[in-house]
Amino acid sequence: VMETLPGIRDIISETVRDYIAVTWFVRSDSQVAENTGSAAGLVRGWSDFWEEMRNYGDEIAWHPHLYRRRASGWTPIQDPKKLAAEAERVWNEITSEGWRPVTSRIGESVGSTELMIFLDSTGIKADSTALPGRKRDDGVRRFDWTSTPTEPYHPARCDYSRPPRTLGSGDRIEGEEALGILEIPFTMARIRAPYDPTNDSGGSIKRYIDLSYDPARLADAMKTIPQRLSYLTLVVHPLQASGREIPDGGLVAGGHEVLRKNMRTIMGTIERMGRSPIFLTMAGFRKMWLGEKVEYEEGEFPEEKQKSSEKREKGDERKKGGIKRAGMEGDKAQRRMESRKTGVRADSRRRRQDPRRRRG
């Protein structure tokens, strides 16, 4: 998976032809620990690559898949309290190694009220897991986002999937306090897959916008995006985007050329809507949505504490990448432009060593 990322980053940059910030949701969980010796194995083992991405202004975020190990293999956790307990166990492990991300996305869009309360308690400021309008309870995975709004919200302490309810005029109902964490839902679109039922009265199932989908199907879906939408959350799965793992069914086409075509479709849709896009990490988007000053913020990172305070005060780009805005001046903008033109360094393409044997 990791070896596919530099190429994907280059394609996104060259297709957009502008500065674009990316949030990398890095798998950090018990399955990763079994393979690398640590839940943060992909963060530590590829620290040079992530440092380079931070120089782009990208964000490194937490992406746990909450499973338990059984004799027969890995099994998804369904119990709401056990989801929170497993997340807490993994969180304690990754933070003990010096990494404190400020954004999360739970694998396979699993959610529960107990889990959301835990995420809020850690100081995580934004989560992007919700699938507005979708529900699943098939004996394998369980979530219910049917009452979730399409725009960001602070979850109710009593229900992870929606904001607090009121009596009107802002009056709170007892027990409907809002959590501090901001939930940033996926952008959903009606995208028809070849295997969808032909008698679907809605035309197709609402799905998130994956840049590895068949370009013709994604283009049709983008024509239905309403003008009033204020943001798009786009998704890339590395093995699919690189063409190394294409699921059966015909919805996902995969490969670099598909990624290029779909990025062009996205940019064309924005242009037809007469909009001017700003590309933000999840952390940056949260600040913009809440009316705060947009400034790069990604949380502590392994080895971060070893940097001198003098270097931080001089504006180390690993801490203050941020977004490119109209009127940005000075050598910081110039360094970013040069970084984008040259692409990801070649040495970051060859991280083949076992993370358990690598330092830092």
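## A loop with positive phi

Glu108 sits in the loop between β5 (103–104) and α6. Helices (H or I, at least four residues) and strands (E, at least two) are DSSP runs, numbered from the N terminus. This is a predicted model, in which local features need pLDDT of at least 70, side-chain atom pairs count only at pLDDT 80 or more, and totals for chains, interfaces and linings use all residues. Residues are numbered from 1 along each chain as its sequence is written, and side-chain values use heavy atoms, with hydrogens and water left out.

Glu108 is not a glycine, yet its phi is positive, about 60°. Ser109 lies in the loop between β5 and α6. Its phi is also positive, near 60°, and Ser109 is a residue other than glycine. Most residues other than glycine have a negative phi. Are Glu108 and Ser109 buried or exposed? Glu108 is partly exposed at 27% relative accessibility. Ser109 is buried at 6%. Buried means under 20% relative accessible area, exposed over 50%, and partly exposed in between (1.4 Å probe, protein chains only).

## Nonpolar cores

The largest nonpolar core holds 45 residues. Such a core is a set of buried Ala, Val, Leu, Ile, Met, Phe, Trp, Tyr and Cys residues joined through side-chain atoms within 4.5 Å. Trp24, Trp50, Trp62, Ile94 and Leu119 touch the most other members. At least two residues each come from β1 (23–27), α2 (30–36), α3 (41–44), α4 (47–56), β2 (59–63), α5 (80–96) and α6 (113–122). The most come from α5, which gives 6 residues. A second, separate core has 24 residues, among them Ile12, Ala189, Ile191 and Leu218. In soluble globular proteins, nonpolar side chains tend to be buried together.

## Helix α4

How many of the 10 residues of α4 are buried? The count is 7, so α4 is largely enclosed by the rest of the structure. The buried residues are Ser47, Phe49, Trp50, Glu52, Met53, Arg54 and Tyr56. Of these, Trp50 is one of the core residues that touch the most other members. Gly57 follows α4 and has a positive phi, near 100°.

## Packing of α7 and α9

The axes of α7 and α9 come within 10 Å and cross at roughly 15°. Axes are lines fitted to C-alpha atoms, for helices over the stretch in contact, and angles run from 0 to 180 degrees between N-to-C directions. The two helices are therefore roughly parallel to each other. Angles under 35 degrees count as roughly parallel, over 145 as roughly antiparallel, 65 to 115 as roughly perpendicular and the rest as oblique.

The crossing of α7 and α9 is right-handed, meaning that the near helix is turned clockwise from the far one by less than a right angle. On α7, the contact is made by Pro215, Leu218, Ala219 and Met222. On α9, the residues are Val258, Lys261, Asn262, Thr265, Ile266 and Thr269. Contact means heavy atoms within 4.5 Å. Leu218 also belongs to the second core.

## Salt bridges

The model has 16 salt bridges. A salt bridge is a side-chain nitrogen of Lys or Arg within 4 Å of a carboxyl oxygen of Asp or Glu. Arg260 pairs with Glu14, with the closest N and O atoms 3.2 Å apart. This pair links distant parts of the chain: Arg260 is in helix α9 (residues 256–272) and Glu14 in helix α1 (residues 5–16), 246 residues apart. Arg260 is partly exposed at 22% relative accessible area, and Glu14 is partly exposed at 41%. Glu14, Glu257, Arg260 and Arg264 are linked in a network of salt bridges.

Asp138 and Arg136 also form a salt bridge (2.6 Å, N to O). Asp138 is partly exposed at 42%, and Arg136 is partly exposed at 31%. Glu292 bridges to Arg286 (3.6 Å, N to O). Here Glu292 is partly exposed at 36%, whereas Arg286 is buried at 11%.

## Gln227

Gln227 lies in the loop between α7 (215–222) and β14 (234–235). Gln227 is exposed, with a relative accessible area of 51%. Which residues does Gln227 touch, not counting residues up to four places away in sequence? They are Met273 and Arg275. The C-alpha atoms of Gln227 and Met273 are 6.4 Å apart, and the two residues are separated by 46 residues along the chain.
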